[in-house]
Protein chains: 2
Amino acid sequence: MRKQFSLVVLTCCTASFGLFGQLVAAQSPGVVAISNYNKKNAGNIINEFTDFLAIPNVAADTAGLQKTAAFIMSMMNKRGIQKVQLLKAVTPGVAPAVYGEVMVPGAKQTLIFYAHYDGQPVNAAQWAKGLAPFEPKLFSQAIDKGGVKMAAPADGRYNNDWRIYARGASDDKAGVAAIINGYEALIKTGLLPGCNIKFFFEGEEEAGSPHLGEILQKHSALLQSDQWIMCDGPVHQSGKKQIAFGVRGDARLDLTVYASKRPLHSGHYGNWAPNPAMMLVKLLASMKDDNGRVTIKGFYDDVVPLTPSEKKALSEVPLVDEQMKEELGISTVEMKGLTLSEAINQPSLNINGIQSGNVGKQASNQIPTFATAVIDLRMVLGNDWQRQQQKVIDHIKAQGYYVTDKEPTDEERKKYAQIIQVIRKQDGYNAQRTSMSLPVVQKIIEAVQTTTTGQVVLQPTMGGSLPLFVFEKYLNAKTISVPIANHDNNQHAENENIRIGNLLEGIEMMAALMMIK
Amino acid sequence: MRKQFSLVVLTCCTASFGLFGQLVAAQSPGVVAISNYNKKNAGNIINEFTDFLAIPNVAADTAGLQKTAAFIMSMMNKRGIQKVQLLKAVTPGVAPAVYGEVMVPGAKQTLIFYAHYDGQPVNAAQWAKGLAPFEPKLFSQAIDKGGVKMAAPADGRYNNDWRIYARGASDDKAGVAAIINGYEALIKTGLLPGCNIKFFFEGEEEAGSPHLGEILQKHSALLQSDQWIMCDGPVHQSGKKQIAFGVRGDARLDLTVYASKRPLHSGHYGNWAPNPAMMLVKLLASMKDDNGRVTIKGFYDDVVPLTPSEKKALSEVPLVDEQMKEELGISTVEMKGLTLSEAINQPSLNINGIQSGNVGKQASNQIPTFATAVIDLRMVLGNDWQRQQQKVIDHIKAQGYYVTDKEPTDEERKKYAQIIQVIRKQDGYNAQRTSMSLPVVQKIIEAVQTTTTGQVVLQPTMGGSLPLFVFEKYLNAKTISVPIANHDNNQHAENENIRIGNLLEGIEMMAALMMIK
């Protein structure tokens, strides 16, 4: 049995918080004022937010990304944020970061707030009926819980459980909106920032941030800070706020097994001609055992163990496994014997997609010519993403495959019985973890705690990935993640959404962080 | 080593042919006359054929099938074929068969010629650039051999190696056109039919002929004959003409493995949430060993062994394995140690298609909610298609799956760790084999031999499937297949095509068969 989390209720929010933030405070008066302002102002906030969501922001759509960045600049200018500008990379044609700042006389530290404005690719056909990725729609609750489409309330009074559906609603236009509106709430309520605030909104995160390093390096003078605060990802599945001190790294491999150069009738050639789908399923099946452990040689090597304080934090993360199984409609887990928190502290291998021939009504009695799969690797501290890709490739070779990064030539087809094209996507990166014991990190934990009467969950590592290593590499900077989205936001998939309560509370959290002195 | 085929050249085409048709004859004078007529008339034949191909004929397109049937009736009426009519099923809304007949005074037997006018489903996006399934195009040779698009020749002189690309070009509008034009050539050259001829063109073959039995039963009086001659499928890969005495049966299963009810971020949940694509690949991988043999219990039971004469015929089928490997760009086969002819005399299991999540540019870092595959089973004599489906289902259960034919309920999701929906397609059927020793079969072998100076390949079983058992069941009738299409016709897939030479020689063959007395 995992140790249960015990609550200790404090009467005053100024109490000193222990490393693991288990103490519970009432909301601070400042946060209450911000909360009230947000409630009154919700209509304006959400109108602006839906206009923002209506702008397409996928990586391939340069014009859409330009419009999105321009929209953010206008949001910042409206709030009187200074030095609003685009930070371009050296490489031409790259989606720029959007920058702004607010300098506070006498401030002792500088916090820089990060979110990203680009979104994951969309396949509109997979979205639920009545939804389209860039036509934001308000629903009475989550669609899969029976939510129905609603008009915006004329009185501007929004219920916390309502949701807005659109690509980017949670990942990560919500982050951009929370940061900018957090600053507005602070100013409008007469509460002033306690520190210098910098704003940095990236435009290439979902493409793997290939030019982020360039941008950080080129504009390093402007981007000095004491701490980066990353507003991306979901809060804890228990609904509790959470701070994450690290992220998993990410890398991708695209695999394509080739067989006959032309599609064959499965009757005339079935049994005789190799079936690339069967070849690929056998190859993928060889990568995991029945307990969900990756069987690729050395896959779990290199992992840097958690420190004692990280282990303690992990043990205090509320157990949500049963709740999540119920919610997701599953009755088992992939890695047998591990909790969700434990599982995401391990490197992983996932099939994101597989395709060969056709299914359903388009299926025909054929032996396809090729079969493709996309493999996603997550790294934890110690793993090197390119080494991890190589381990998979070595495993594929050990299964008897000839590996190429091109379509096979006729010569290769003659020579090799099993041929696979492996594309090592070059946008991978490693995991990152910031120490929980830094003084500024302590202040961040305290600030988040002022916004909630509940536990603030401290996660050594988020399951998701952000290219946080880049900040260390180019700016020698530390990062910490303070996410706001509801956990059931469908980020990276169809029907992405944000819960209204999470957006509004996210604004409060950003404002509270900006009050750090 | 397999016994090599030895040629014995005869000086006269009227020589008696042995059971296995190994004897070689010059083309008969009648066939030469037909061939000359076809060459002169090729422009008209192909113009009409491309008009025919331009009519969509997929199962779901009722209007398209009606137009296709009407076009065939007009083709038949133009040639003076009698009693042209639609044979409807008892069930309403079913694509009818097209019937016609030519009665010859004093004829001693009646041959009925079969082809089907419906085509396989199409996925237009998968066709090569410049091609569309229902916009027939003429090419200078096969596209994958560098063929280029051409205009129809003004002088009506077609080269045998040119190809026409369209759905149905070979499977099986070519069969319809060959039969009708075969009759026309016979009449126009003054050579008369030697037997009564009946024409029967089915409209549901690619949908598994679900109502063929009804049609045969309802119109049994009209459909009496001494022998059905099925014009469907390809000639031998060696380019030699072939006669097939049987077909494999066919059955399909649609498999869908379910995991989380909503798509999950592969970072936040990877390692913990079950991945349905990984589950499905492990399940499919369990169905075959590395030698291409199906590992499902009892899969090869029930098979009726070939008779000594069938075994002899099989041993005389020219070996095309090395030629086919070269042509297809493969260097190995699935069932290790078996030739192509041997492999198609075994039951088979093939993945026709698999799909989960997205691949390529649409891929995103998700754990999909489900994974689907379409499995095609081929039966040989002795296998029962429903029993064969059941063996697969039993195997799936033995892997720990709960099998349902619906989407799983929340209750089922709670109860079972591994859930799969299995749709047993109801359009399956068994294999069929006609004895080679029947007198009318001997005449058919002789007639085909009059059209070629080469070997006529005699196949105990074709790899493909036709619902031939239905003819036995409802009419107690025997069937034999005399295919005409080039073997590299891409039937059932994108870029379906017919070689002009195969179409014209197919017409000759049909005419030669109609001269049987």
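Reader: What share of the 517 residues in chain A do buried residues make up?

Author: The rule is a count: a residue is buried if 20 or more other C-beta atoms lie within 10 Å of its own, exposed if 12 or fewer, and partly exposed in between, with C-beta atoms placed from the backbone. In chain A, buried residues make up 56% of the 517 residues. This is a predicted model, in which local features need pLDDT of at least 70 and side-chain atom pairs count only at pLDDT 80 or more, while totals for chains, interfaces and linings use all residues. Residues are numbered from 1 along each chain as its sequence is written, and chains are lettered from A and ligands numbered from 1 in the order in which they are written.

Reader: What radius of gyration does chain A have, and what would a compact globule have?

Author: The radius is taken over C-alpha atoms, and the globule rule is 2.2 Å times the number of residues to the power 0.38. For 517 residues the rule gives a value near 24 Å, and chain A agrees with it at 24 Å. Along the principal axes, the C-alpha atoms of chain A fill a box of roughly 80 × 50 × 50 Å.

Reader: Into which domains is chain A divided?

Author: Domain bounds come from an automatic or database domain assignment. Here domain 1 covers 19–245 + 434–514, and domain 2 covers 249–303 + 346–424. Their centres, taken over C-alpha atoms, are separated by 36 Å.

Reader: Where is the place of K425(A)?

Author: Helices (H or I, at least four residues) and strands (E, at least two) are DSSP runs, numbered from the N terminus. Chain A has 14 helices and 23 strands. K425(A) lies in the loop between strand 18 (419–424) and strand 19 (432–433) of chain A. K425(A) is partly exposed, because 18 other C-beta atoms lie within 10 Å.

Reader: Which residues does K425(A) touch?

Author: Two residues are in contact if their C-beta atoms, placed from the backbone, lie within 7 Å. Leaving out residues up to four places away in sequence, K425(A) touches A251(A), R252(A), L253(A) and D254(A). Over the whole of chain A, 79% of the contacts with a separation of 6 or more are between residues 24 or more positions apart.

Reader: Which strands of chain A pair with strand 18, and in what sense?

Author: Two strands pair if DSSP finds at least two bridges between them. Strand 12 (residues 246–258) runs antiparallel to strand 18 and is joined to it by six bridges. Strand 17 (residues 402–404) pairs with strand 18 in the parallel sense over three bridges. I419(A) in strand 18 is the bridge partner of Y258(A), and I419(A) is also the bridge partner of Y402(A).

Reader: In what order do four strands of chain A form an open sheet?

Author: The order is 7-6-8-23, with antiparallel pairing. Strand 7 (149–150) and strand 23 (497–499) stand at the edges with a single partner strand each, so one side of each has no neighbour in the sheet. Inside this sheet, three bridges join strand 6 (residues 137–139) to strand 8 (residues 163–165), and L138(A) has I164(A) as its bridge partner in strand 8.

Reader: What rotation superposes chain A on chain B?

Author: Two copies of a chain are related by a rotation about an axis and a shift along it. Copies are superposed by least squares on the C-alpha atoms of residues with pLDDT of at least 70 in both. Here the rotation is 180° with 0.0 Å of shift along its axis, at an RMSD of 0.1 Å. The two copies are thus related as by a two-fold rotation axis. The same surface serves both, since 100% of the contact residues of chain A recur in chain B.

Reader: How many residues does the contact take from chain A and from chain B?

Author: The contact takes 82 residues from chain A and 82 residues from chain B. On the side of chain A, strand 14 (residues 348–357) gives the most, with nine residues. Strand 14 of chain A runs antiparallel to strand 14 (residues 348–357) of chain B, and five bridges join them. One of the residue pairs is G353(A) with G357(B).

Reader: Which peptide bond of chain A is cis, with omega near 15°?

Author: Most residues other than glycine have a negative phi, and most peptide bonds are trans. The bond from D171(A) to D172(A) is cis, with omega near 15°. D172(A) is in the loop between strand 8 and helix 3 (173–188) of chain A. In chain B, S209(B) has a positive phi near 50°, and S209(B) is buried, with 23 other C-beta atoms within 10 Å.
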